[in-house]
Amino acid sequence: MFSFFSRKGPVTAHINAVPVTVNPKETLLQAALRQGIDFPHSCRVGGCASCKCKLVEGKVKELTQTSYILSDQDLDQGYILACQSVPQGDVRIELDLSAQAAKRRVEGRVIGQDRLTSDIVRLRVQLDESLPYKAGQFANIGIASQPGVSRSYSFATAVQPDAQVSFFVRKVPDGQFSSLINDANVLGQAMSIEGPMGDFWLRPAEAPLLLIAGGSGLAPVLAILQDALDSGVSRPVTLLFGARRQGDLYALDTIQTIARQWPAAFHFVPVLSEEPEGSSWPGLRGLVTGQVAAHLQEGAHAYLCGPPAMIDSAVNILRDHGVPRDHIHADRFTTQQDVLVTA
């Protein structure tokens, strides 16, 4: 039986008419980057849509499910994710470079390093100049003491007039960058911020909002809520926040402030997955995705941000309950280990 890995020789991908040689088992993104093409990308594991492009001729084998990243309209028009697409023969790709043109690098300095939980730190950076972005987007950030190392983090606030930005950095096992931010004093260090990237932001509509965040995935959700409040959005909101234990809940004062000021119904539902039995916790227990069906309002649009397993589960539940693909927006928080596994 034919396998897409059985292709023995290279094929050619024309990317905006530029020929690129794609070796067997290579994705379009890997081939483009290997040959010096400035192809927009970030996570490399199909979680951010930065490498979205249009397949106008030929066929590809997609390595992962992309329906929760790409809309029905995208799929109908032939859009694919370059990082998850292995050509089965010669292909032609059209790539919109306007987002790439808007991306730029801004320097700054660490002015705050605030402990939020046992493994999440809020990193506050004063930029040398303003960096425009949409609430919900992310940037690649690097620090002076780790030259050549950069990681992707979502902005935790909307654009501020004083050009300050914040990121929630969760410590991951063996994480070079996240361990430094969580364990060492980096106040005053120079940083570089490259962005904006990603298409996770609030789309205009009047429908109720179901926001689902897990762990440090609360960062872009808070940015979206703060920006929407400032912009006069008055859609009903349900915010499901998944954490492990009571000590892993954070930003509660910020959420309460937004809820008090929100001009429509605002329901905040924290859910703990590993809270010890018999503790003082009076709220819900289990996986946050277990609460999706119970809190899904008719016609709601969903915005999901957190680890891949949470995103995949929530998307399946939402689709099973009739939420159209175009009304589900997701941002998978992947780690460098995820990139290495799929490389």
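Me: What links Tyr133, Phe155 and Phe167 into a cluster?
Reply: Ring pairs link these three residues. Rings of Phe, Tyr and Trp (its six-membered ring) pair if their centres lie within 6.5 Å; planes under 30 degrees apart count as stacked, over 60 as edge-to-face and the rest as tilted. This is a predicted model, in which local features need pLDDT of at least 70 and side-chain atom pairs count only at pLDDT 80 or more, while totals for chains, interfaces and linings use all residues. Residues are numbered from 1 along each chain as its sequence is written, and side-chain values use heavy atoms, with hydrogens and water left out.

Me: How many aromatic pairs does this rule give?
Reply: The count is seven. One of them joins phenylalanine 241 and tyrosine 250, with 5.6 Å between centres and 85° between planes. The distance is within 6.5 Å and the angle is over 60 degrees, so the pair is edge-to-face.

Me: Why is the pair of tryptophan 262 and phenylalanine 266 called edge-to-face?
Reply: The centres are 5.9 Å apart and the planes stand at 65°, so the pair gets that name.

Me: Are tryptophan 262 and phenylalanine 266 buried or exposed?
Reply: Buried means under 20% relative accessible area, exposed over 50%, and partly exposed in between (1.4 Å probe, protein chains only). Tryptophan 262 has 5%, so it is buried. Phenylalanine 266 has 14%, so it is buried too.

Me: Which charged ends sit over the ring of tryptophan 201?
Reply: Those of lysine 134, 3.7 Å from the ring centre, and arginine 203, at 4.5 Å. The rule asks for NZ of Lys or CZ of Arg within 6 Å of the ring centre and within 35 degrees of the ring normal.

Me: Why are helix 5 and helix 6 called roughly parallel?
Reply: Helix 5 (residues 218-230) and helix 6 (residues 252-261) pack at about 30°, with axes 11 Å apart. Angles under 35 degrees count as roughly parallel, over 145 as roughly antiparallel, 65 to 115 as roughly perpendicular and the rest as oblique. The two helices are therefore roughly parallel. Axes are lines fitted to C-alpha atoms, for helices over the stretch in contact, and angles run from 0 to 180 degrees between N-to-C directions. Helices (H or I, at least four residues) and strands (E, at least two) are DSSP runs, numbered from the N terminus.

Me: Which residues of helix 5 and helix 6 meet?
Reply: Leu218, Leu222, Leu225, Gln226 and Leu229 in helix 5 meet Thr254, Ile255, Ile258 and Gln261 in helix 6. Contact means heavy atoms within 4.5 Å.

Me: How do you know whether isoleucine 255 is buried or exposed?
Reply: Its relative accessible area is 1%, so isoleucine 255 is buried. Leaving out residues up to four places away in sequence, isoleucine 255 touches Leu218, Leu222, Leu239, Tyr250, Phe266 and Phe268.

Me: What makes helix 4 mostly covered?
Reply: Six of the eight residues in helix 4 (residues 176-183) are buried. They are Phe177, Ser178, Ser179, Leu180, Ile181 and Asn182.
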